Amino acid sequence: MAELFKKILIATDGSKRTQSAVETGLQLAQQHKSKVYAVYVVDTVTFTSIPMDVTWENMYQLLKDEGEAAVNRVKEASPEADIETHVLEGNPAVEITKFAKDNGVDLIIVGTLGKSGIDRILLGSVAEKVVRIAPCPVLVIKSYKEAGK
């Protein structure tokens, strides 16, 4: 049987809501003996209209550090796997799909909260945008809130 997914991109933001996507991605990678790209994108779109000062530079560095921690957690979750970590900058959906295209990725895995209505309109959905512009199949893993949280 031909290997379906030689290269899998797992997009993470380091939150619990993407944990299911990370776990699913690592399981698929193990089954298919795939190379994994763990990707975090620092959303610089929010910084474009704000003058850079020491406070924002510190915030930006915190986000980069958070990204490094997030992709390293993916690598630590499956130390035997072939995992490359990348922290990118820009619009998350655009950078995820650009990275996938540039690296010949066969499958992108993203998590989502499954928001609807006004929350989705106001916040948008990185997962939805990735599905629309991706150069390859996208597996969206819905995160379910735990009761009482």
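**Close-up views of a predicted model**

View 1. Helix H1, residues 19–32, has 14 residues and reaches 20 Å from its first C-alpha to its last, close to the 20 Å expected at 1.5 Å a residue. The coordinates come from a predicted model. Buried in H1 are Ala-21, Val-22, Gly-25, Leu-26, Leu-28, Ala-29 and His-32. Seen down the helix axis, these buried residues fall within an arc of 165°, so they line one face of H1. An α-helix has 3.6 residues a turn, so residues three or four places apart point the same way. The exposed residues Gln-30 and Gln-31 sit on the face of H1 turned away from its buried side. After H1 comes Lys-33, with a positive phi near 55°.

**View 2. The largest nonpolar core.** This core has 20 residues, and those with the most contacts inside it are Ile-8, Ile-10, Leu-26, Leu-107 and Ile-109. At least two residues of the core are supplied by each of strand S1 (7–11), H1, strand S2 (35–43), helix H2 (54–77) and strand S4. H1 gives the largest share, 5 residues. Another core, of 16 residues, lies apart from this one, and Tyr-37, Ala-93, Ile-96 and Val-130 are among its members.

**View 3. Surroundings of Leu-26 and Ser-78.** Not counting residues up to four places away in sequence, Leu-26 touches Ile-10, Val-74, Ala-77, Ser-78 and Ile-83.

**View 4. Strands S1 and S2.** S1 and S2 run parallel and are joined by 5 bridges. Lys-7 stands opposite Lys-35 in S2. S2 is mostly covered, with 8 of its 9 residues buried.

**View 5. Asp-106 in its loop.** Asp-106 lies in the loop between helix H3 (92–102) and strand S4 (107–112). Its relative accessibility is 26%, so Asp-106 counts as partly exposed. The side chain of Asp-106 reaches the backbone nitrogen of Lys-6 at 2.9 Å. Asp-106 and Lys-7 are 99 residues apart along the chain, yet 5.3 Å separates their C-alpha atoms. Leaving out residues up to four places away in sequence, Asp-106 touches Leu-4, Phe-5, Lys-6, Lys-7, Cys-136 and Pro-137.

**View 6. The whole chain, for orientation.** The protein chain contains 5 helices and 5 strands. Along the sequence they follow the pattern β-α-β-α-β-α-β-α-α-β. The chain has 149 residues, of which 35% count as buried. Among contacts with a separation of 6 or more, 77% are between residues 24 or more positions apart.

Note on methods: Residues numbered from 1 in each chain as written. Predicted model: local features only at pLDDT ≥ 70, side-chain atom pairs only at ≥ 80, totals over all residues. Heavy atoms only, no water. Helix = DSSP H or I, 4+ residues; strand = E, 2+ residues; numbered from the N terminus. Expected span 1.5 Å × (residues − 1). Buried < 20%, exposed > 50% of the residue type's maximum accessible area, 1.4 Å probe, protein only. Arc of directions from axis to C-beta. Contact = heavy atoms within 4.5 Å. Polar contact = N/O pair within 3.5 Å; in protein donor to acceptor, adjacent residues only side chain to side chain. Core = buried A, V, L, I, M, F, W, Y, C linked by side-chain atoms within 4.5 Å. Pairing = 2+ DSSP bridges.
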